[in-house]
Amino acid sequence: MGSKKVKAIAVRGTKEIPIFDPDAFMDVYHDFWKELSPNDCVDIFHRPWGVAGDSLATDYIKTMGGLAVKNDQGFDEEVPSFDIGSATIRKLLVRPMSCFSCGLPSCSQLIAYGDTVLKMHTGSIIGLGSNFGITDINAIMELHKIWTELGLDVSVSPTISWTIEAYQRGLITKDDTDGLELKWGDPQIILKLVHKLVFKEGQFGELMAEGLKALTEKYGGEEFALHVKGLDITLVPSRSMYGMGLAYAVNDQGADHCRIYPPYPPNADAVPEHIELPFDVEKAAIRDIPDEKAKLIKWSFDSRAVLNCLTTCVFLSRGKLFSDFSYFARALTAATGTEYTHDELMKIGEKICNLERSYNVLNGNASRKDDTLPKRYLNEPFKSGGSIGMVVPLDRMLDDYYKARNWDMATGRPTQEKLLELGLDFVVEDFKNRGVWS
Amino acid sequence: MKIHMVYLVHFHDLAGKDEELLELDIETADDLIDYLESKYPGMGMLLRREDGSAQPYNTAILNRKGERAQFIKDFSVGLADGDHVTLI
């Protein structure tokens, strides 16, 4: 849409959307609300998030030692500590903000900045703050305001932070940056770099606008380029949570954490007795061991695929709703008149993920060599902080993941057996015709 | 021992502050919770059920220098001088 200068598409209809069984639909709608009541919803994030909003994630990430500092180089004890989190945001709060009819009272927060308000969230705090070595909330807010006006996603942050680190390492010089001296912690430099990127100023600006892959192809520095499959990392820590690392690596979109959100398993207390999860919940929750992460992440991708198809916000898949898709099945059945069950929805999710992978295989972007992480996350352990010594044990988890998926261990491609099991016969024919398995 | 406490959201609202340094004669997280309940009535119950197990809604995270951060699920865990405990 950006290349066509399209900001949004607004549609206004004149007809109603018919619901097959409105009474049954409203019954399950009320059940959703009941499950999401802060007093009933068993989830470590739901209740505090409903008060403090998304900026709470910064507190978790900081405390667990995974805060992205200066191109995610890890904890830096030589600079002032990064104190910004939900407490800071609450002091600036104008009002909490959620989407219309959402079950979460405060998803993000509107905070006061000068004579305006900003919609603040963790991505901005980290992406425009610690990842640039910036510790001043006013500077972060100014960057956030300008970022928003320019229509940028916070995931541009790794492109900018790579540029600064590359300059520090001598891979790029003032000649490349049109005389701009790059250093950490200076919001004015960040603004100038963003300007270059957005308006494609000069050769360097044009290259920045193409993203990290284009930059590293020219200058090197791939080992600290924070992207997967060309998509900049969204800075949810992967060295601090091995499951997140695996999810980033195998995501067919590239490094987007939202695809498997939430990036942790359901609370064992919240899983109904009749639901059998395909992984050991207790082990899957231990963030610094690779055990059970592959099965968890497979399940996460499959189940979130269902939620995305239902256009349901993944932020509200909490408590029982995290693992029990019978609620969604009931809603879909009542809406459409076609019978759905929890198991059927999970199978559809698995089918979606295999179809996505198959599409990428045919377009040359899905193989074991593509399912990887920035070398920083594989080879550079945190030297201090709450995630000390952690690097992502990707190879072992990748083997487990392909096994869980019944994909070829060497190539990461869906097997014929798996595709046929899922009713994707046409993909099998396509693969055969194009010599994918030859 | 000195314990650095960080209070967030509901814990902040009960304590009336973001953080504080406590100097206590305690051994375990259970002891800490007992102290917090006496100082900020209601805080202990946010963390610990009547049977002594962790409340599923809230989180206590222990940071100790040189070690990885851990969620405190079993409050019999020992605390040490210089520990940081974050309550969310």
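This is a predicted model: local features need pLDDT of at least 70, side-chain atom pairs count only at pLDDT 80 or more; totals for chains, interfaces and linings use all residues.
**Entry 1: helix α20 of chain A**

I then looked up which residues of α20(A), residues 425-433, are buried. They are V427(A), V428(A) and F431(A). These three cover an arc of only 105 degrees around the axis, so they sit on the same side of α20(A).

Next I checked what covers the buried residues of α20(A). The cover includes α16 (342-362) and α19 (416-421), both of chain A.

I also went just past the end of the helix. There, G435(A) has a positive phi of about 70 degrees.

**Entry 2: helices α11 and α13 of chain A**

I looked up how α11 (residues 242-250) packs with α13 (residues 293-309) in chain A. Their axes are 9 Å apart, and the angle is about 55 degrees. Because of that angle, α11(A) counts as oblique to α13(A). The contact uses G243(A), L246(A), A247(A) and V250(A) from α11(A). From α13(A) it uses K293(A), A294(A), I297(A) and F301(A). I noted the crossing of α11(A) past α13(A) as right-handed.

**Entry 3: confidence in chain B**

I turned to chain B and read off its average pLDDT, which is 94. In this chain, 100% of the residues score at least 70.

Which element of chain B has the lowest mean pLDDT, and which the highest? I found strand β4 (residues 70-71) lowest at 93 and helix α2 (residues 29-39) highest at 97.

Notes. Residues are numbered from 1 along each chain as its sequence is written. Chains are lettered from A and ligands numbered from 1 in the order in which they are written. Side-chain values use heavy atoms; hydrogens and water are left out. pLDDT is the predictor's confidence in each residue, from 0 to 100. Helices (H or I, at least four residues) and strands (E, at least two) are DSSP runs, numbered from the N terminus. Buried means under 20% relative accessible area, exposed over 50%, partly exposed in between (1.4 Å probe, protein chains only). The arc is that of the directions from the helix axis to the C-beta atoms. Contact means heavy atoms within 4.5 Å. Axes are lines fitted to C-alpha atoms, for helices over the stretch in contact, and angles run from 0 to 180 degrees between N-to-C directions. Angles under 35 degrees count as roughly parallel, over 145 as roughly antiparallel, 65 to 115 as roughly perpendicular and the rest as oblique. A crossing is left-handed if the near helix is turned anticlockwise from the far one by less than a right angle, and right-handed if clockwise.
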